[in-house]
Amino acid sequence: MPEPVDFHQILQGDNVPRRDDPPPAFAFKVEFLRLPNSGGPLACSFSEVAGLEQTLETEELVEGGENRFVHQLPTRVKARRLTLKRGLVQRDSAFVDWCRQSLRGGMERPLQLVDVKVQLLDATLAPLRSWTCNGAFPVRWTMEPFASMKNEVAIEEIELAYRDCWDPE
């Protein structure tokens, strides 16, 4: 049985796990590429990222006289929405401006599509794997409920639709 991993030591650079150990999922980086008014890739901090998913949709085809099974025919690849969560922060960033313009703009202005790069980091904070979600734009912004009986940070959630998402490796 392998020895337990001490993540505190990993973050300090000591006792780095063997290469075959699964990486922890708490060290990640999110960058927005081609974001308007950002002057280059914009790194933003989030407490949670979800929605890195591609699904091959199928269509059922029932063949007359064949009652043992139903054919599953592939149709298209569908991307799930990327959900980003973070503590409520200052409102004067290129990312917030892009979200605001997209969600408040209606159909008066064309959406500005950006690419979102999500990187899983190793113990030395070097990228292990990366995924790029192409053609992303905000479709929903929400605040988690406020509760007077809890001592928690105010969390905002931003949901992005995207065309496709690929790991280049």
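**Note on contacts, cysteines and salt bridges**

1. Valine 139 is in contact with Arg81, Leu103, Glu159, Leu160 and Ala161, leaving aside its neighbours within four places in sequence. This is a predicted model. Valine 139 sits in strand 8, residues 127–143. Its relative accessibility is 28%, so valine 139 counts as partly exposed. Take arginine 81 from the contact list. Arginine 81 and valine 139 are 58 residues apart along the chain, yet their C-alpha atoms are separated by 9.0 Å.

2. Now the cysteines. The whole structure has zero disulfides. Cysteine 44 is in none; its nearest cysteine sulfur belongs to cysteine 99, 8.6 Å away. Cysteine 44 is buried, at 16% relative accessible area. Cysteine 133 is buried too, at 0%.

3. Salt bridges number 15 in the whole structure. One of them joins glutamate 53 to arginine 80, with the closest N and O atoms 3.4 Å apart. Glutamate 53 lies in the loop between strands 3 and 4, and arginine 80 in the loop between strands 5 and 6, so the pair ties together parts 27 residues apart in sequence. Glutamate 53 is partly exposed at 34%. Arginine 80 is partly exposed at 43%.

4. Glutamate 66 is buried, at 16%. Their side chains meet at 2.9 Å, N to O.

5. Aspartate 164 and arginine 163 form a salt bridge, with closest N and O atoms 3.8 Å apart. Arginine 163 is exposed, at 55%. Elsewhere, salt bridges with shared partners join Arg81, Lys85, Arg140, Glu144, Glu157 and Glu159 into one network.

Note on methods
Residues are numbered from 1 along each chain as its sequence is written. This is a predicted model: local features need pLDDT of at least 70, side-chain atom pairs count only at pLDDT 80 or more; totals for chains, interfaces and linings use all residues. Side-chain values use heavy atoms; hydrogens and water are left out. Helices (H or I, at least four residues) and strands (E, at least two) are DSSP runs, numbered from the N terminus. Buried means under 20% relative accessible area, exposed over 50%, partly exposed in between (1.4 Å probe, protein chains only). Contact means heavy atoms within 4.5 Å. A disulfide is a pair of cysteine sulfur atoms within 2.5 Å. A salt bridge is a side-chain nitrogen of Lys or Arg within 4 Å of a carboxyl oxygen of Asp or Glu.
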